[in-house]
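Please read the points below alongside the coordinates.

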Amino acid sequence: MTIAPQNVKADKHAPNRRVIRPTSMSADRDFSLVLGGPIFQLLRRWHLTDDTLGLVHQRIIVFSLFCWLPLLLLSALESKALGGTVAVPFLLDLEVHVRFLVAIPLLIAAELVVHRRLRFVVKQFLERNLIPENAMTRFDAAVASVFRLRNSVLAEVLLMAFVYIVGILIIFRHYVVLETATWYATPSGTGSKLSFAGMWYGYVSLPIFQFLLCRWYFRIFIWARFLWQVSRIDLSLLPTHPDRVGGLGFLSGTVYAFVPLLLAHGALLAGLLGDRIFHLGATLPSFMIEALFLVVFLMCVVLGPHLVFSPQLAHAKRMGLREYGTLAERYVRDFDAKWLRGGAPADERLIGSGDIQSLADMGNSFEVVRTMRIVPFSNEAILQLAVVTVAPVAPLLLTMMSSEEILKKLLGILF
């Protein structure tokens, strides 16, 4: 295991002083998964964003109302907004309100959160000297690949095609439409017949939502691909680093950037289950497998990309245990010979000797290596992200028992 040498450049404006800074071409560029692409450029022209993803409230209002408000007006014109001849009127359709008034705002807000959380990732790799000097070209290529995919026009065109071909014609038509008369569709012998509100829902509102969601999966793919490319570099990991992941501790904070995305998925699950509980007579326990599958899937999506560093972390830990174990062996033998076998000079006192402190420091260093993790995130992070995902489903517990019964059980547990 080697330690990457620092890249040093002399500042021409201060000839008597040396300034240490990375020489990578990516050092002066903020890393971002969201600042690019044709849609981003269109939003800039329409003054719905700026170069730093500002105006987030305006984007949320415009997208949410564009998807939701026409549905309200059209369903009201067709007498399907509240009551009427349908089993599920628009105002009582929990899923559609959650999708456009909760999930879309979270998906849009997640862009700003992810941008701010990940923008210094590249600089952290460089400032912590994790990238060897001879691998700077490969690292720059990985960063450039991120920007190229993020800005790809073809990628967003393919996403739109996927949304309409797979998301609308297959998934929406066969798996999303409720098997009862709703404000957007009425069952018939040849399939569901869409109302005017249903047409806007199926061909405008839902595709916008699905595009925003699928684009997030594409961004996570870009993120995972970048981490995989970096993991192919022989990183200069330090097994005694106090973050206990060889210096990659900054990556553990990046998983929390995706909390809004997890909340959006949890809200979507809550809306879907709520519709089936309130309108089709289903029960919450009957969907436990689906909820568990969603949590496991999202944990793999958010945390899985970080596992590419596990082989290098495991190797650094093995090397650290061997090297620091050998060093500790030499030191404790010398300590034993000096202080326990009569090797110490007669005029040297044990009390106040630096040998004791050095022995303790050696023990602490070895303990850091021994407890080094082979994944750059903690068990607490897994638990916290899982709780965030299922939190929106918690109100549906009231469908299983009254709030009074829940309060009694909580009091019984606490007292």
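Which residue forms a salt bridge with R219, and how far apart are the closest N and O atoms?

1. The model is predicted. In it, R219 pairs with E111 in a salt bridge whose closest N and O atoms are 3.1 Å apart. The two residues belong to distant parts of the chain: R219 sits in helix 7 (residues 196–231) and E111 in helix 3, 108 residues apart.

2. R219 has a relative accessible area of 5% and is buried. E111, at 8% relative accessibility, also counts as buried, because the cut-off for buried is under 20% relative accessible area.

3. Through salt bridges with shared partners, E111, E156, R215 and R219 are joined into one network. Over the whole structure, the search finds nine salt bridges.

4. A local pair is found within helix 3. R99 forms a salt bridge with E95, and their closest N and O atoms lie 2.9 Å apart. R99 and E95 are separated by about one helical turn, because they are four residues apart in helix 3 (residues 94–118). R99 and E95 are both buried.

5. A further pair involves loops. R128 forms a salt bridge with D243, with 3.7 Å between the closest N and O atoms. This pair too links distant parts of the chain, 115 residues apart: R128 is in the loop between helix 4 (121–127) and helix 5 (136–150), while D243 is in the loop between helix 7 and helix 8 (259–280). The 3.7 Å separation counts as a salt bridge because the cut-off is 4 Å. R128 is partly exposed, with a relative accessible area of 33%.

6. Two or more lining residues come from each of helix 1 (38–45), helix 2 (56–77), helix 6 (153–176) and helix 7.

7. Which helix gives the most to the lining of the second largest pocket? Helix 7 does, with seven residues. Helix 7 is also the element that holds R219 of the bridge to E111.

8. What is the make-up of the lining of the second largest pocket by class? There are 17 nonpolar residues and one charged residue, with no polar residues.

Note on methods:
Residues are numbered from 1 along each chain as its sequence is written. This is a predicted model: local features need pLDDT of at least 70, side-chain atom pairs count only at pLDDT 80 or more; totals for chains, interfaces and linings use all residues. Side-chain values use heavy atoms; hydrogens and water are left out. A salt bridge is a side-chain nitrogen of Lys or Arg within 4 Å of a carboxyl oxygen of Asp or Glu. Buried means under 20% relative accessible area, exposed over 50%, partly exposed in between (1.4 Å probe, protein chains only). Ala, Val, Leu, Ile, Met, Phe, Trp, Tyr, Cys and Pro count as nonpolar, Asp, Glu, Lys and Arg as charged, and the others, Gly among them, as polar.
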